[in-house]
Amino acid sequence: MLFPKQTATRALEDLSGMWQFQAEKSPLTATQPLPNPIWMAVPASYNDQTLNRQLRDHVGWFWYQTTFSVPQEQLRKRNVLHFGAVAQNCEIYINGKQVGKHVGGFTPFEIDVTQEVHVGDNDLKVRVNNLLDDTTLPSAELHEKDGKYTLRPRFDFYNYAGIHRKVQLYTTNQTYIEHVAVNYDIEGNTTTINPDIQINGTYAKAKLSVIDEDGQTVVTGNNVTATLVLNDTHRWEPLNAYLYQLRIELFNDRDELIDSYSQEFGVRTIKVENHRFLINDKPFYFTGFGRHEDSLAAGKGENLPLLNLDYQIMKNMGANSFRTSHYPYSEEAMRMADREGFVVIDEVPAVGLFENFNVSLAGGMKEGTTWTNLDPEQKHKQALREMIERDHDHPSVVMWSVANEPASHEKGAHEYFKEIINYTRKLDPQKRPVTIVNIMMANADKDLVGDLVDVLCLNRYYGWYVNLDDLDGAKHDLRVELEKWHAHFPDKPIVFTELGADTVAGMHSLRHAPYSEEYQVDYYQANFEVFDELDYVQGEQLWNFADFTTDAGMIRIGGENRKGIFTRNREPKAIATYLSRRWNDMKKE
Ligand code: GCB
């Protein structure tokens with residue numbers, strides 16, 4: 001699926017704005033206007049746009065409604081409705097008739113609505129639910145009693161819901177470019193591009209052009225299967241991006257342009273070798289963050305000004321990377337990473353594949369039956385397909401994370417992930433490295449999937465969830481565990497994808513007590529001391545870039561996870577200055 005763009009042959013209309021909204025407390029029908037709607041901004045989560053607490057926490061279905069107008073001449077075209085992401089599951093209705101549905105809240109889908117729209121006003125309704133269960137990604141416990149649902153997430157962020165990314169209506173001619181993958185091989189400075197281009201319909205002639213950043217055409221081809229040789233390649237480098245465009249043009253037998261689309265791409269290599277992660281054959285040390293899409297009023301909705309600011313803050317900190325914890329971020333976020341030269345670990349929403357998640361901290365573990373009692377495989381594969389289909393051409397994406405903190409220490413984990421990882425490798429034309437982000441309980445002695453991954457990504461909280469207020473003990477235990485991992489897998493780099501300590505901005509302590517800004521600084525210093533000693537540690541992505549919304553909980557002060565380096569409003573905590581010095585100094589070395 002292509003990122004929707006206005007081109008010489010494609011019109012694009014953004015349907016964002018104020019829509020109407022209503023929770024489904026009793027059956028509602030698509031053929032009638034919503035009886036008691038309120039206004040709701042799209043795109044955004046619905047939850048934090050009102051003061052209605054009951055509505056905020058409603059578990060079940062709700063409806064959105066808007067109208068859009070179609071002029072006469074547009075009916076000669078193919079009309080497509082594109083949804084960037086709707087969380088979690090939805091049905092789409094045009095003029096009262098169901099025209100499509102989608103499962104999963106973080107990847108785009110589109111529907112050809114040519115046969116459904118008419119001249120003038122058209123009614124668009126989106127029926128959405130926020131239901132998650134043992135088969136979905138993310139994973140949650142779902143209970144139903146007398147038609148009322150309760151949901152207990154197996155993950156640590158608020159289950160925001162709604163139309164989270166743009167809804168766009170675009171047109172093409174009957175012949176159109178359906179799929180583009182800019183596949184390439186590079187030797188020295190010469191890049192050989194063998195694009196995979198799929199066309200629907202008939203055409204007489206095609207033209208391919210590769211255009212550089214100065215707008216110069218550097219190579220052309222005369223059919224969609226042409227091999228294009230790019231000399232003097234300008235590589236895409238971390239924090240030093242360079243993007244080309246592959247322009248595809250189709251003509252009919254009267255030489256009229258019938259479709260035109262440009263796909264951005266960057267040229268770089270990735271290798272994992274001798275416990276190093278190499279980008280363009282140079283060792284790359286990950287600095288940066290796990291993050292969340294999470295902001296005031298918009299919830300998990302696309303927030304472009306904030307996205308822009310976050311990139312500026314991350315650059316200023318000296319960060320070079322982030323992980324899309326715990327789900328694919330918006331396409332705008334990925335396009336910005338390409339342009340800013342950020343290195344991305346792209347994560348599918350496989351979070352909570354751990355049946356005991358909710359008892360893991362409180363104690364009272366049951367026998368490890370995740371891989372017999374949960375059944376996520378079908379949706380896991382669907383989410384991987386949709387993520388890779390969307391993101392395969394982003395030079396910023398250097399690795400796929402196929403799960404965050406699954407029960408990789410429980411019986412059945414190896415078989416499950418062998419299948420998932422093989423599947424991922426088959427889907428990716430660039431054959432990027434693949435990882436599973438490891439949970440502390442599945443330590444080096446217990447984990448069953450380390451042999452399947454290319455890079456060992458660890459989430460560790462020595463000095464917080466264990467060894468609280470005992471940083472010497474934390475350093476000792478961390479070293480012991482790392483040496484074990486390295487002994488098991490000497491060739492695999494170890495990247496920390498999480499470490500962190502909850503810190504209440506403005507809380508200070510003479511004795512550096514946990515939750516104070518002083519403790520957060522000490523905590524990171526202690527962990528970094530160990531990382532810096534060990535040559536196979538190849539990255540540090542901190543948890544989290546900013547404080548973010550969670551469910552209420554005893555250790556979630558004000559309903560937020562406070563491990564941010566910044567507050568939710570992007571005010572820096574004391575650690576920010578220390579980090580910025582550390583990472584900017586590393587860049588100079
Ligand atoms: C983790 C999870 C992350 C949580 C974090 C925490 O290991 O991957 O989603 O937010 O710990 O702060 O507990």
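This note sets out numbered points on a predicted model.

1. Basis. Residues are numbered from 1 along each chain as its sequence is written. In this predicted model, local features need pLDDT of at least 70 and side-chain atom pairs count only at pLDDT 80 or more, while totals for chains, interfaces and linings use all residues; side-chain values use heavy atoms, without hydrogens and water.

2. Domains. The assignment, which is automatic or taken from a database, gives domain 1 (12–172), domain 2 (176–265) and domain 3 (282–588). The centres of domain 1 and domain 2, taken over C-alpha atoms, are separated by 35 Å.

3. Aromatic pairs. Rings of Phe, Tyr and Trp (its six-membered ring) pair if their centres lie within 6.5 Å; planes under 30 degrees apart count as stacked, over 60 as edge-to-face and the rest as tilted. The count by this rule is 36 aromatic pairs. Phe 21 and Tyr 64 form an edge-to-face pair because their ring centres are 5.0 Å apart and their planes stand at 75°. This pair links distant parts of the chain, with Phe 21 in strand β2 (residues 17–23) and Tyr 64 in strand β4 (residues 61–70), 43 residues apart. Strands (E, at least two residues) and helices (H or I, at least four) are DSSP runs, numbered from the N terminus.

4. Lys 381. A salt bridge (a side-chain nitrogen of Lys or Arg within 4 Å of a carboxyl oxygen of Asp or Glu) joins Lys 381 to Glu 419, with the closest N and O atoms 2.7 Å apart. Glu 419 lies in helix α7 (residues 413–427) and Lys 381 in helix α6 (residues 377–391), 38 residues apart. Lys 381 counts as buried at 14% relative accessibility, whereas Glu 419 is partly exposed at 34%. Lys 381 also lies over the face of Tyr 423, at 5.1 Å from the ring centre; the criterion is NZ of Lys or CZ of Arg within 6 Å of the ring centre and within 35 degrees of the ring normal.

5. Further salt bridges. The whole structure holds 43 salt bridges. Among them, Asp 502 and Lys 563 meet at 2.7 Å, N to O. Asp 502 lies in the loop between β33 (494–498) and α9 (517–533) and Lys 563 in the loop between β36 and α10 (575–588), so the pair ties together parts that are 61 residues apart in sequence. Asp 502 and Lys 563 are both buried.

Methods: Buried means under 20% relative accessible area, exposed over 50%, partly exposed in between (1.4 Å probe, protein chains only).
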